[in-house]
Amino acid sequence: FQQDYFTDENRVLKKDPQQDYHLEYAMENSTHTILAFSRELHTCDTNDKSITESTVRVIWAYHHKDMGEAGQNYHGSNRGTKSLRLLNPEKAEVSSASLPYFDLTNKDVPIPDKDTTYWCQMFKIPVQHEKHHVTKVEPLIQKGHENLVHHILLYQCSSNLNDSVLDYGHECYHPNMPDSFFTCETVIFAWAIGGEGFTYPPHVGLSIGTAADPQFVLMEVHYDNPSYTEGLIDNSGLRLFYTPDLRKYDAGVIEAGLWVSLFHNIPPGMPEFVSEGHCTLECLEEALGAERPSGIHVFAVLLHAHLAGRAIRMRHFRNGEEQKLLAYDDEFDFNFQEFQYLEEERTILPGDNLITECHYSTVDRIRMTWGGLSTRNEMCLSYLLYYPRINLTRCASIPDIMEQLQFIGVKEIYRPVRQTWPFIIKSPKQYKNLSFMDAMNKFKWSRSEGLSYNELVLKLPVNVRCSKTDNAEWSFQGMTALPPEIERPYKTEQVICSSSSCLSCSLFVTLLFFVHITASTIGNIGPFVQ
């Protein structure tokens, strides 16, 4: 039998007086037990969690003996958890079995025994004598390295390169990194840990084979090795399926949010701290106005942060009015990051504003958290998949640093800044000759100081990043803009409930619980625990 239970802070199972889960069917044989059940998205039961477009952590457990009068038996090691997006719209899966494909994989890359490594390898797209469309991309993660490979980015590089750049890989962002790597600025695909393959909609594809398409690409793989394991060798990468049957539109990717830098920082001991990255109306006005005045259409979004991330929202404004959230994940899981298909494509017009809003928790940290490449550093990014492709690859911002320094009492820094990076402080005396990183860590942060600092940084002027392909820039790149005046925090739509039932929750979700067990452990799976 199946019943609706919940658990309290002491992990004690209790039968829910409001039974909201309904068994659709059940099946059991010598090897498998299958349960399918449904419930409303919003049950208005205080013992239930609402099911939204955010990540849902599904917890499962079972025992091989049936539930008796004494209650549920302890599951022992028969338990697990998985992060899912139950409401991620399903896309019709087009069989890729008959499609040609090519692999972009690292070859025996030695992973250093250090916390974070970014490895870059140049590849040449197989020569196509006419235009083709990539319709699907799958990660090829070496078995056993599922937690080692944190994310993979694929960049388009300059078309002026030659095959000599293909001979070797190198650590990314390293002083000795080959010059050719610096020509690779345009993100054309992104995958992150926990994500599966991505299939483009039937009317959109990633174009290859023409002069405007990528000929050389750089694959950046982020390896996360917090245990400093020695002797690791990796061969992970991507598989791209393509077809000569062209779709109507070429896909593009825009990287939006906070430019990754030390200017993005989060005080320690904060249960919540909010950072914002701005894709400004000035950048979108210039780029879209010149390239696509009728707008572009976003069909999927990947929201990206690191270990301190708790929630991410992509907010959309037009003429000062806030639109429905473009994408969000209020239950962000660092180990589960993938493109979210939008239920309805969203048009972005010249003059719109996009804000990537990231929520962090640093309650377990005693030093500042800095924007940076390590998973112990932070990011606040959104990758927008859209069509038709235009010449805009990055639409981001950096907050002004001087007012951040003034907040902790810095009065003067040594100049020129380029020779004293990252900012050597001249006065006052308690910070003299410290870098601004050391000074920020020396400051005695309290929660009230952290809240005041958060209010300050959200209102600071921002430096605009507005980039084209091949390291070119729109004219607004590097200019200063003021963030729009918006309502903070974002207010979610409230679900209206009556005393006994939900008035506005007609949607149901059907869940399938599937367990593979041996013949000797057949038994009742027991109650469903939310």
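**Exercise 1.** Find the bridge partner of valine 149 in β16.

*Solution.* Tyrosine 223 of β16 is the bridge partner of valine 149. A quick word on terms: strands (E, at least two residues) and helices (H or I, at least four) are DSSP runs, numbered from the N terminus. Two strands pair if DSSP finds at least two bridges between them. Now widen the view: β11 (residues 149-156) and β16 run antiparallel and are joined by seven bridges. Next, look at β9 (residues 116-124), which runs antiparallel to β16 and is joined to it by nine bridges. There, lysine 124 has phenylalanine 216 of β16 as its bridge partner.

Before you go on: this is a predicted model, where local features need pLDDT of at least 70 and side-chain atom pairs count only at pLDDT 80 or more, while totals for chains, interfaces and linings use all residues. Residues are numbered from 1 along each chain as its sequence is written, and side-chain values use heavy atoms, with hydrogens and water left out.

**Exercise 2.** Work out how many residues of β16 (residues 216-224) are buried.

*Solution.* Buried means under 20% relative accessible area, with a 1.4 Å probe and protein chains only. Start with one direction: Phe216, Leu218, Glu220, His222 and Asp224 point one way from β16, and all are buried. Then take Val217, Met219, Val221 and Tyr223, which point the other way and are buried too. That's nine of the nine residues, so β16 is largely enclosed by the rest of the structure.

**Exercise 3.** Write down the strand order of the open seven-stranded sheet and explain why one side of β27 and of β35 lacks a neighbour.

*Solution.* The order is β27-β23-β30-β20-β31-β34-β35, with mixed pairing. β27 (340-348) and β35 (480-481) stand at the edges with a single partner strand each, so one side of each has no neighbour in the sheet. Arginine 394, for one, has serine 467 in β34 as its bridge partner.

**Exercise 4.** Name the buried residues of helix α4 (residues 447-457) and say where they sit around the axis.

*Solution.* They're Gly450, Tyr453, Asn454 and Val457. Around the axis they cover an arc of only 105°, which puts them on the same side of α4; the arc is that of the directions from the helix axis to the C-beta atoms. Finally, what covers these residues includes β21 (265-266), β22, α2 (402-407) and α3 (436-442).

Key. Buried means under 20% relative accessible area, exposed over 50%, partly exposed in between (1.4 Å probe, protein chains only). Contact means heavy atoms within 4.5 Å.
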